[in-house]
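Keep the 3D view open and find each residue as you go.

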Amino acid sequence: MKPKKKMSRIMLCVALALCLISMIGVSLIQTDGHQIEIKQMTWETSAGHQIAADLWIPSNATQETPAPAVITIEGWYNNKEMQDLYTLELARRGYVVLTMDLHGHGNSESLPQDELYEGAVGVDGAVQLVASLPYVDTSRIGITGHSSGGTAANMAVTIDNEREQPLIAALLHQAADWQDDTGGDHSGEYGSRSVGMIASEYDDFYFGTYDEEGNMITTPREFMETDNAKKFLNFNDDVSTFEGEAQAGQFYERTIDGKEAYRIIYRPTCIHPAVTFSTECVGYAVDFFEQVFGAPNPLPASNQIWPWKTVFNALGLVGIFMFLASFPICMLDTGFFGSLKAKTQVKAAQVKDKAGIVWFFGLLAVSMIFSAVCYVFIMRHLYSVTTSVFPQTGPLCIGVWSACCGAFTLILIILYQQLYGKKHNVSLRDIGVMLPIKQIGKTILLAVIVVACAFGIVFFADYFFQSDFRLWVLAAKVFESDKVMIALRYLPFFLIYYVMNSVSINCFNYNKIGGEAGNIIILGMANSLPCIVLVAVQYIGFYTTGVPFWGLAEGERLLAIWLFPVIALLFIAAVISRIIYKKTANPYLAGCINALFIVMITCSNTFTSLSAGTLIATTF
């Protein structure tokens with residue numbers, strides 16, 4: 001067996017091994033050594049809408065010894081798995097935990113905008129379900145939600161107040177306050193419930209105050225000095241009756257309707273999305289529910305195992321990317337796909353003159369500047385728009401940006417070939433830009449097979465181990481069939497970029513500048529650097545001045561947040577495309593694989609609306 005063939009098979013075996021280790025490790029950790037049972041469920045609420053959730057049941061919760069329960073809710077554009085750290089740590093301490101997808105998120109039913117907020121975006125249905133469980137203490141039901149998940153909990157309180165016997169006893173807002181996403185103020189509705197708030201000093205959305213023109217008067221890091229904070233801690237009474245300064249991390253207590261109620265504000269220094277990836281913030285949740293409910297199995301707030309779950313989830317993600325790079329190479333050894341194999345060894349081109357070096361770095365610089373400027377423009381003008389054809393605003397923004405960058409890359413390639421390539425005898429056929437027609441169909445078919453098999457592993461992990469592959473906001477997870485149909489609509493945008501990016505990286509820029517490894521690192525960084533700069537500018541400015549650099553419009557606030565997974569994906573896509581190109585001399589195979597995989601994870605990890613129009617939360 002030739003060494004190079006053997007290497008691709010070893011790489012595939014390692015990829016599959018990493019995925020299996022990930023599944024087993026995640027399963028053992030999230031069940032706390034089989035002390036927690038996890039049930040995946042979907043049900044129809046009284047409002048007639050489907051909700052997807054996972055129910056975590058610790059062994060101490062029985063009909064004879066009912067346990068307190070907590071509902072965990074993800075934020076907008078996220079899925080319930082983003083609450084895994086809170087869910088796991090609360091379940092370990094003996095709480096029954098239901099982690100749910102809001103309407104339009106994850107595998108819950110998508111709705112038109114005029115029905116979206118029915119039943120508190122689905123939260124009230126989750127409250128009713130939890131209260132019906134025989135092993136739940138219905139006097140101790142709490143909710144904790146991140147961002148819009150927290151504001152949806154406020155809507156649930158409004159509904160709960162209409163009951164003769166309210167069910168919600170406590171709320172912990174993660175990077176959220178007393179408002180909801182329609183602009184409603186619920187500060188006066190909490191009554192005897194205990195309420196806490198994780199209010200970061202550098203929250204991208206909440207805890208600032210504004211004048212009538214929308215200019216920021218006080219920054220989030222000044223929140224404790226505002227009347228808003230004092231009024232909250234004063235149980236919504238007039239701030240003139242509040243004594244002393246508002247203290248972070250201190251429980252304020254009052255007896256209301258014969259019940260002990262608490263208010264508390266926690267003050268981490270992380271940004272808005274990092275509240276879902278923080279041992280400090282999870283510790284606050286443990287502290288809060290211990291105070292208001294009492295944990296059946298109390299553990300110190302510092303005793304957390306979710307980071308280990310994250311490690312195993314991430315191992316699986318590495319395995320999936322390795323699979324995408326190695327499996328198509330192994331398929332080249334089959335009779336059918338053997339014709340896609342490179343006829344001769346693909347080697348880096350020699351750059352023989354200074355002009356070639358100038359073209360290399362000059363075009364990279366121009367493309368990076370265009371990428372950054374184009375992204376900011378699109379987020380300012382296209383953010384939150386959905387149509388009947390494109391029901392997800394995130395993939396639409398990222399997709400249009402991708403297509404623009406892909407088209408711009410094509411223009412640069414044409415200029416390069418006309419002004420430099422032809423003079424140096426660069427043959428489009430020799431470098432793989434022009435393929436035999438008979439290879440095009442096989443290229444597309446192999447790309448589809450590779451991506452389908454990759455997601456087959458993801459679905460296997462979910463079915464047998466109730467796990468997926470993720471690292472914070474970058475995730476490969478299961479999805480319903482509607483997400484496939486939605487992703488197909490966005491696919492052309494992603495194909496334009498990832499195919500042209502692969503052509504650029506491999507056909508025109510695979511050279512000896514930087515050496516074998518250095519060349520692809522340079523090109524991968526060129527993909528990601530515009531995003532890195534935008535994120536750095538946003539948060540260096542935020543931490544320096546207390547105000548987000550890119551402004552106060554919601555689209556600009558999300559501008560940096562949406563780039564976190566993109567930074568990694570753009571670099572990884574470059575590496576995958578180079579690995580495959582070296583074995584095939586075909587840039588289109590990797591381009592199609594990257595586009596198919598990335599459009600699918602993009603469309604399965606966001607919010608879907610069945611209404612066409614502009615969707616901007618009025619609280620921002």
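## Before we start

This is a predicted model, where local features need pLDDT of at least 70, side-chain atom pairs count only at pLDDT 80 or more, and totals for chains, interfaces and linings use all residues. Residues are numbered from 1 along each chain as its sequence is written, and side-chain values use heavy atoms, with hydrogens and water left out.

## Rings that pair up

How many aromatic pairs does a search of the whole structure find? The count is 43. Rings of Phe, Tyr and Trp (its six-membered ring) pair if their centres lie within 6.5 Å; planes under 30 degrees apart are stacked, over 60 edge-to-face, and the rest tilted. Take Phe459 and Phe479: their pair is edge-to-face, with 5.2 Å from centre to centre and 90° between the planes. This pair links distant parts of the chain, since Phe459 is in helix H11 (residues 437–465) while Phe479 is in the loop between strand S14 (474–476) and helix H12 (481–508), 20 residues apart. The helices (H or I, at least four residues) and strands (E, at least two) are DSSP runs, numbered from the N terminus.

Are these two buried or exposed, or something in between? Buried means under 20% relative accessible area, exposed means over 50%, and partly exposed is in between (1.4 Å probe, protein chains only). Phe459 has 34% relative accessibility, so it counts as partly exposed, whereas Phe479 has 13% and counts as buried.

Now look at Phe460 and Phe464, whose pair is tilted: 4.7 Å centre to centre, with 45° between the planes. Both lie in helix H11, four residues apart, or about one turn of the helix. An α-helix has 3.6 residues a turn, so residues three or four places apart point the same way. Phe460 is partly exposed, with a relative accessible area of 39%, and Phe464 is exposed at 53%.

Elsewhere, ring pairs link Tyr202, Phe277, Trp306, Trp472, Tyr539, Phe542, Tyr543 and Phe564 into a cluster.

## Opposite charges meeting

Side chains of opposite charge can pair when their charged atoms come close. A salt bridge here is a side-chain nitrogen of Lys or Arg within 4 Å of a carboxyl oxygen of Asp or Glu. A search of the whole structure turns up 18 of these salt bridges.

Which residue forms a salt bridge with Asp333? The partner is Arg9, and the closest N and O atoms are 3.2 Å apart. The two come from distant parts of the chain: Asp333 is in the loop between helix H8 (306–331) and helix H9 (354–381), and Arg9 is in helix H1 (residues 3–30), 324 residues apart. Asp333 is partly exposed at 29% relative accessibility, and Arg9 is partly exposed too, at 36%.

## More bridges

Another salt bridge joins Arg380 and Glu556, at 2.7 Å from N to O. Arg380 lies in helix H9 and Glu556 in helix H14 (residues 554–561), so this pair ties together parts that are 176 residues apart in sequence. Arg380 counts as partly exposed at 48% relative accessibility, while Glu556 counts as buried at 12%. Salt bridges can also share partners: that's how Lys80, Glu81, Asp101, Asp468 and Arg470 are joined into one network.

## A buried histidine

His49 lies in the loop between S1 and strand S2 (50–58). Its relative accessibility is 6%, so His49 counts as buried. What does His49 touch, leaving aside residues up to four places away in sequence? The list is Trp43, Glu44, His103, Glu109, Leu111, Glu115 and Glu118, where contact means heavy atoms within 4.5 Å.

The side chains of His49 and Glu118 are joined by a polar contact of 3.1 Å. A polar contact is a pair of N or O atoms within 3.5 Å; within protein, one must be able to donate a hydrogen and the other to accept it, and residues adjacent in sequence count only if both atoms are side-chain atoms.

## A mostly covered helix

Last stop: helix H16 is mostly covered, with 15 of its 17 residues buried. Asn586 caps the N-terminal end of H16, with a side-chain oxygen 2.8 Å from the backbone nitrogen of Tyr588.
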